[in-house]
Amino acid sequence: MHAIETLSAFAQQFQQRPLSDEVVRHAKRALIDWYAAAYPGAADRAVGILRAVLLDEPAADAAGLVGGGSATARAAALINGAAAHAAELDDSYRDAMYHPGAATIAAALAACQEQEMSGARLLRAIVTGYEVSTRIGVVLGRAHYRYWHSTGTVGTFGAAAAAGSAYGLDRAQFAHALGTAATFAAGLQQAFRSDSMSKPLHAGRAAEAGVLAAKAARRGLTGAMDMLDGEDGLGRAMSNAPAWDDIGDTLGKDFHITRLTFKNHVGCGHTFAAIDAALALRERAGFDWRAIRRIHVHTYRPALDIACYGMPASAGEARFSLRYVVAHALRYGSVRLDAYRDERVNDPEIRALIALMDVSTDPDIDAAFPASRSARVEIESVAGERHVHFQRDRKGDPEAPLSDAELNDKFMELVAPHLGMPAARARLDDLWRVEQRPDLRAMT
């Protein structure tokens, strides 16, 4: 049996199974975090351009847009998926090196709204997309992540599976949707190793492609069953020809959605262990950032490759600058949205700290990636003192998760500026009870 057939068999059977209270709770946490990321992302310039391009086209309005308005299911998935990724606040499944929520939830929400479905159906669609796609990401592994942006590639499968759940696909249709999604999968890391506006479009196109693949499969469009594991399939073309034999072993038993990472800082997640370490050092008695003589950051290789900018020249580069975010944490005690204002990016005090910093790969830390995302930060003072902190897990990882209260705080911090405090609080309360909603028309 091909991997796609294994995954589609699970997807179809899973639609008839009850969801445990634990899985429902974690699916709601993922949905809340998605909205927390999408509202600030909806104000991103790239998302505004997408709205202008797509909403200029005549179409029937079937799904809502975060930030207001409505569009076709495909356009809504594209715009909302891009918005959920644009502010660098979306969730991740660490072992797959992948942000599943941006595309998966955007597709699930658009398809469920188009079908006028309930909140319970939305949660089931979300779980279906997460469980199918994260397993594909794990198999593709680090070799895939060398060049490809997994949120764009693997996200296409999450979106297709989630939309397929909403559209009520049977086993064969699920398989054809995944086969078509495989040939849609794209997204190159060069888009964010250079200063461009393209990165959030990876998530948006993944969401839109998944909806299209599921819609087409429902109408009878076929996809190849060996698109993952075939001789010229995705595994060989985009990875190191990995083995797919065990992909279904834990489906329906071990739910990956219960082990997500929710971001506790704003920016590239590969920098977060170093930020946490810097903040821990900052909390030590007698710390004075003005008395730093040298800063050493040791972490895993992809953190250096992806968060690669030394002295960033823009907010986009700053989000992918390990040196910048560590310096900002040491100077200001946090890395939130305000870290990327122009006056912060050009702050001479932050730039002075960057000039004192060197970054390097630690072989042991690198060997533990992707299952572990660690960093060690060392600070030498002008008085000759040396302070070291090793951060094994990032705050927000499954080993150090955000509590429900912390997730609520994140939501309110990010959404209240857009909706106002009372409306944001009402939206949050509504999301915690989403399984009780008979329809989703007011969900954006």
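The model is predicted, so local features require pLDDT of at least 70 and side-chain atom pairs count only at pLDDT 80 or more, while totals for chains, interfaces and linings use all residues. Residues are numbered from 1 along each chain as its sequence is written, and side-chain values use heavy atoms, with hydrogens and water left out.

**Domains**

Select residues 3-261 together with 410-436 for domain 1, and 271-391 for domain 2; these bounds come from an automatic or database domain assignment. The domain centres, taken over C-alpha atoms, are separated by 31 Å. Where they are in contact (heavy atoms within 4.5 Å), domain 1 contributes 17 residues and domain 2 contributes 18 residues.

**Helices H7 and H10**

Next, select H7 (residues 150-166) and H10 (residues 199-218). Helices are DSSP runs (H or I, at least four residues), numbered from the N terminus. The two axes come within 7 Å and cross at roughly 35°; axes are lines fitted to C-alpha atoms over the stretch in contact, and angles run from 0 to 180 degrees between N-to-C directions. The crossing is right-handed, that is, the near helix is turned clockwise from the far one by less than a right angle. Display the side chains of the contact: among them are Gly-152, Gly-155 and Ala-159 in H7, and Ala-203, Ala-206 and Gly-210 in H10. By class, this contact has 10 nonpolar, 7 polar and no charged residues. Here Ala, Val, Leu, Ile, Met, Phe, Trp, Tyr, Cys and Pro count as nonpolar, Asp, Glu, Lys and Arg as charged, and the others, Gly among them, as polar.

**The largest pocket**

Centre the view on Asp-44, Ser-196, Met-197, Gly-316 and Arg-319, which lie nearest the centre of the largest pocket among its 21 lining residues. A pocket is an open set of points on a 1 Å grid over the protein atoms alone, with protein on both sides within 12 Å along at least five of seven lines; lining residues have an atom within 4 Å of a point. The space in the largest pocket is about 380 Å³, a volume being the space filled by probe spheres set on points joined across faces, edges and corners. Helix H14 (315-319) is one of the helices that supply at least two lining residues, and H14 gives the most, with 4 residues. The lining divides into 9 nonpolar, 5 polar and 7 charged residues, and draws at least three residues from each domain.

**The largest cavity**

Finally, select His-99, Tyr-145, Cys-268, Gly-269 and His-270, which lie nearest the centre of the largest cavity. A cavity is a set of grid points where a 1.4 Å probe fits but cannot get out. About 220 Å³ of space lies in this one. Its 20 lining residues divide into 7 nonpolar, 7 polar and 6 charged.
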